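Morning, everyone. Please have a look at the structure on the screen, and I'll walk you through a few of its features.

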Amino acid sequence: MLDKITVVESVHEPLRVTLVRTGLVGLVAGLVIARVQGRLGSWPQWTAFALWFSFGGHWVEILFLNRVRPRLPSARWAHITARLGAWLVGGTFLMLGARITALSLGAQALRLPPWWLGGPVFLGLELLVHALPQLRGQPNFYNGLR
């Protein structure tokens with residue numbers, strides 16, 4: 001495990017790439033949730049809900065990487081603590097936005113998770129998402145290279 005983070009570089013991705021990737025994730029997640037609940041007609045509301053976490057979650061990560069991380073001490077523990085905190089706080093705000101959006105789209109009958117569950121769920125999703133590049137030996141949260 002790395003004790004210090006020495007190189008902090010800005011992270012950028014073309015918007016088109018971000019929109020395609022996060023849009024597909026949102027569509028698939030919306031369809032899966034609607035299918036699991038047995039209400040395929042609710043997939044548009046669930047897709048809007050999921051887009052908060054796929055598209056919005058991308059921006060939580062970019063905000064951390066480009067704005068918060070450069071201001072942190074170089075100690076690895078500081079980066080881990082701040083990133084986990086960013087995921088918890090960011091996920092809570094994403095859940096609030098997702099609930100408001102879903103409800104405004106007529107999703108009153110949907111079983112929406114409580115607002116406070118967003119942080120822990122988003123943190124868990126991010127840990128899972130970062131495990132994939134870890135398995136491939138690419139930069140990620142676990143090896144401290146991203």
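This is a predicted model: local features need pLDDT of at least 70, side-chain atom pairs count only at pLDDT 80 or more; totals for chains, interfaces and linings use all residues.

Start with helix α2, residues 43-68, and helix α3, residues 76-104. They pack at an angle of about 150 degrees, and their axes are 9 Å apart. So α2 is roughly antiparallel to α3, because an angle over 145 degrees counts as roughly antiparallel. The crossing of α2 past α3 is right-handed. What classes of residue are in the contact of α2 with α3? There are 14 nonpolar, eight polar and three charged residues.

Now α3 itself. It has 29 residues. From first C-alpha to last, α3 reaches 42 Å, close to the 42 Å expected at 1.5 Å a residue. After α3 comes Gly 106, with a positive phi near 80 degrees.

Next, salt bridges. How many does the count come to? Two.

Take Glu 61 and Arg 83. Their closest N and O atoms are 2.2 Å apart. Glu 61 lies in α2 and Arg 83 in α3, so this pair ties together parts that are 22 residues apart in sequence. Are these two residues buried or exposed? Glu 61 has 10% relative accessibility, so it counts as buried. Arg 83 has 4%, so it counts as buried too. The cut-off for buried is under 20%.

Then there is the salt bridge between the side chains of Arg 21 and Glu 13, at 2.7 Å from N to O. Here Arg 21 is partly exposed, at 35% relative accessibility. Glu 13 is also partly exposed, with a relative accessible area of 31%.

Key: Residues are numbered from 1 along each chain as its sequence is written. Side-chain values use heavy atoms; hydrogens and water are left out. Axes are lines fitted to C-alpha atoms, for helices over the stretch in contact, and angles run from 0 to 180 degrees between N-to-C directions. Helices (H or I, at least four residues) and strands (E, at least two) are DSSP runs, numbered from the N terminus. Angles under 35 degrees count as roughly parallel, over 145 as roughly antiparallel, 65 to 115 as roughly perpendicular and the rest as oblique. A crossing is left-handed if the near helix is turned anticlockwise from the far one by less than a right angle, and right-handed if clockwise. Ala, Val, Leu, Ile, Met, Phe, Trp, Tyr, Cys and Pro count as nonpolar, Asp, Glu, Lys and Arg as charged, and the others, Gly among them, as polar. The expected span of a helix is 1.5 Å times one less than its number of residues. A salt bridge is a side-chain nitrogen of Lys or Arg within 4 Å of a carboxyl oxygen of Asp or Glu. Buried means under 20% relative accessible area, exposed over 50%, partly exposed in between (1.4 Å probe, protein chains only).
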